[in-house]
Structure formats: C-alpha cells, structure tokens
Amino acid sequence: MVYIIDDDHVIILLHKIQVKTQLPGEDIQVFYDAKAALESIVALDSEGQRILIFLDINMPEMNGWEFLDQLQDRVNLVDIKVVIVTSSLSKSDKDKSSEYTMVIDYWEKPLATDKLTQLRERLGDWLTGG
C-alpha cells in the first residue's frame, strides 16, 4: 500500500501518476491532511501490513515532523517506510529526517521517475510482500 501525504492538490495528482506508473498494482491512498492519514494508518495497525509513505514536511495543522512523531508513538505493528518529498532544501530538515528509523530517503519535489525506479529496485521483495 502507498500513501501520498501532501496539502498541494497538484503535487498529489503528479505524484499519484508517477507512483501508478512506477509501482503498478500498488493500492494508492492520497491524503491532503496528515491527521487523516495518521488515523487511517492507526486503524490498519496489524502484522503483515506494509505501507510506503511519500510525505511532505510543510503542511498546515499537522506538519510532517509531527506526523512522524505521532506515527512512532501510535503505530506498533505496521511495517512502514517513509520517503520525505519536500520543497525544503534545508540541511537541518535533511539531518532531522535521519533521526527517524522509518525514513528511508529525502527527496526534493516533485517525485522523479528515476528515483522511483531506484526505490522500487531497492525495496524489491518488501514492496511485493515477498
């Protein structure tokens, strides 16, 4: 399962198209609000569930960092991998992302085909549940 979390409707549309193309067969869920995404993940918290999350940092109400903090506190069983996809070029943001074990990469917006291809190859069996 793939979650795309971003408050920008155009970015969500672009990212959804890229993910559908590069990760065919994945169930894609989109969220414009990190709180709604968090509640959805908490409800799915069970063994064997895998979620790849493409997460924006700068969002209203609940930003990406708050989302990650809550995710770590409230989810125990789901196997989660997060790719931060942001317009922030801040070194401190990139450094901060490494503090979260579930964050596997930090990309500049928008999603790029080559990065998604590399990610698919890197995650391999994890993506397919093998």
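The legends below describe close-up views of a predicted model.

**View 1. The five-stranded sheet.**
The open sheet has 5 strands in the order β2-β1-β3-β4-β5, and their pairing is parallel. β2 (28-31) and β5 (103-108) stand at the edges, each with a single partner strand, so one side of each has no neighbour in the sheet. Ignoring direction, neighbouring strands are turned by 20° against each other on average.

**View 2. Strand β3 and its two partners.**
Of the 6 residues of β3, 5 are buried, so the strand is mostly covered. Strand β1 (residues 2-5) runs parallel to β3 and is joined to it by 4 bridges. Within this pairing, I5 stands opposite L55 of β3. With strand β4 (residues 79-86), β3 pairs in the parallel sense over 6 bridges. Here I51 stands opposite I80 of β4, and F54 has V83 of β4 as its bridge partner. From β3 the chain passes through α3 to β4, and this β-α-β crossover is right-handed.

**View 3. Helices α2 and α3 against the sheet.**
Helix α2 (residues 34-43) lies across β1, β2, β3 and β4. The angle between α2 and β1 is about 160°. Helix α3 lies across β1, β3, β4 and β5. Relative to β3, α3 runs at about 160°.

D56 is located in the loop between β3 (50-55) and α3 (64-74). Is D56 buried or exposed? Its relative accessibility is 3%, and because the limit for buried is under 20%, D56 counts as buried. The side chain of D56 makes a polar contact with the side chain of K109, at 3.4 Å. Apart from neighbours within four places in sequence, D56 is in contact with I5, D6, D7, G64, V85, T86 and K109.

**View 4. Surroundings of N63.**
N63 also belongs to the loop between β3 and α3. Its relative accessible area is 22%; because this value lies between the limits of 20% and 50%, N63 is classed as partly exposed. The side chain of N63 reaches the backbone nitrogen of W65 at 2.9 Å. A34 is 29 residues from N63 in sequence, and the C-alpha atoms of A34 and N63 are 7.0 Å apart in space.

Conventions: Residues numbered from 1 in each chain as written. Predicted model: local features only at pLDDT ≥ 70, side-chain atom pairs only at ≥ 80, totals over all residues. Heavy atoms only, no water. Helix = DSSP H or I, 4+ residues; strand = E, 2+ residues; numbered from the N terminus. Buried < 20%, exposed > 50% of the residue type's maximum accessible area, 1.4 Å probe, protein only. Polar contact = N/O pair within 3.5 Å; in protein donor to acceptor, adjacent residues only side chain to side chain. Contact = heavy atoms within 4.5 Å. Pairing = 2+ DSSP bridges. Right-handed = clockwise from strand over helix to strand, strands pointing away. Axes fitted to C-alpha atoms, helices over the stretch in contact; angles between N-to-C directions.
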